[in-house]
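Trainee: I have a structure open and I'd like to talk it through. Can we go piece by piece?

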Amino acid sequence: MKATVILDGKAVKSCTVLALTAEGKKVVTVEGLSNGSELHPIQQAFIKYGAPQCGYCTPGMVMATVAFLLDNPAPKEEEIKDDLSGNLCRCGGYKEYVKAVSAVVSGEFGRLPEGSEINA
Ligand code: FES
């Protein structure tokens, strides 16, 4: 499972960042992704498309998807599948996650916040 956080607007794997290097920087975890009561478009899409089942993998899926779309805002379906394959979903909900990400990419949930706009 990927342990992704947004560090000063860039997606990083938290387990590979030395804590001292994050001092004074803005760190956004899945808990800080929403804008008050307004969920991030990826969170909205996962809910609408019924992607989470037990929810165990969902925070990782959300953050991995945020990071993926920061780097590649217009991926093809195969690229989405490839990226999500790095996150283990023991419920097997991959199809719904791919549908939800595809819907976000198509613009169904509006414009995605850029890295520096996330929880700004
Ligand atoms: S929804 Fe249960 S592990 Fe993914």
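Trainee: How many bridges join strand 1 to strand 3, and which way do the two run?
Mentor: Two bridges join them, and the strands run antiparallel. Keep in mind that this is a predicted model.

Trainee: Which residues face each other there, starting with Ile6?
Mentor: Ile6 stands opposite Val28 in strand 3. Leu7 has Val27 of strand 3 as its bridge partner.

Trainee: And how many bridges join strand 1 to strand 2?
Mentor: Four bridges, and that pair is antiparallel too. Val5, for instance, stands opposite Val12 in strand 2.

Trainee: What do strand 1 and strand 2 form, and what's in the turn?
Mentor: They form a hairpin with two residues between them. Asp8 sits in the turn and has a positive phi of about 50°.

Trainee: So what's the strand order in the sheet?
Mentor: The order is 2-1-3, in an open sheet of three strands with antiparallel pairing. Strand 2 and strand 3 stand at the edges with a single partner strand each, so one side of each has no neighbour in the sheet.

Trainee: Zooming out, how many helices and strands does the protein have?
Mentor: Four helices and three strands. From the N terminus on, they run β-β-β-α-α-α-α. The radius of gyration is 14 Å, close to the 14 Å that the globule rule gives for 120 residues, so the protein is as compact as a globular protein of that length.

Trainee: What share of the residues counts as buried?
Mentor: 32% of the 120 residues.

Trainee: Now helix 2. Where does it lie relative to the strands?
Mentor: Helix 2 lies across strand 1 and strand 2, and runs at about 50° to strand 1.

Trainee: Is it enclosed or open to the outside?
Mentor: Largely enclosed by the rest of the structure, because 10 of its 14 residues are buried. Among the buried ones are Met61, Val62, Val66 and Phe68.

Trainee: What covers those buried residues?
Mentor: The cover includes strand 1, strand 2, helix 1, helix 3 and helix 4.

Trainee: How far apart are the ends of helix 2, and what span should its 14 residues have?
Mentor: The end C-alpha atoms are 20 Å apart. At 1.5 Å a residue the helix should span 20 Å, which agrees.

Trainee: On to the core. Which residues touch the most other members?
Mentor: In the largest nonpolar core, which has 28 residues, they are Phe46, Val62, Val66 and Ala100. Strand 1 and helices 1, 2, 3 and 4 each supply at least two residues of this core. Helix 2 gives the most, with eight residues.

Trainee: Why would nonpolar residues gather like that?
Mentor: In soluble globular proteins, nonpolar side chains tend to be buried together.

Trainee: Back to Val62. What is it in contact with, leaving aside neighbours within four places in sequence?
Mentor: Val62 is in contact with Val30, Leu33, Ile42, Gln43 and Phe46.

Trainee: Last one, Gly107. Buried or exposed?
Mentor: Exposed, because Gly107 has 10 other C-beta atoms within 10 Å, and a residue with 12 or fewer counts as exposed. Gly107 is found in the segment after helix 4.

Trainee: How far is Gly107 from Pro41?
Mentor: They are 66 residues apart in sequence and 9.5 Å apart in space, C-alpha to C-alpha.

Methods:
Residues numbered from 1 in each chain as written. Predicted model: local features only at pLDDT ≥ 70, side-chain atom pairs only at ≥ 80, totals over all residues. Expected span 1.5 Å × (residues − 1). Buried ≥ 20, exposed ≤ 12 C-beta atoms within 10 Å, placed from the backbone. Contact = placed C-beta atoms within 7 Å. Pairing = 2+ DSSP bridges. Axes fitted to C-alpha atoms, helices over the stretch in contact; angles between N-to-C directions. Core = buried A, V, L, I, M, F, W, Y, C linked by C-beta atoms within 7 Å. Rg over C-alpha atoms; globule rule 2.2 N^0.38 Å.
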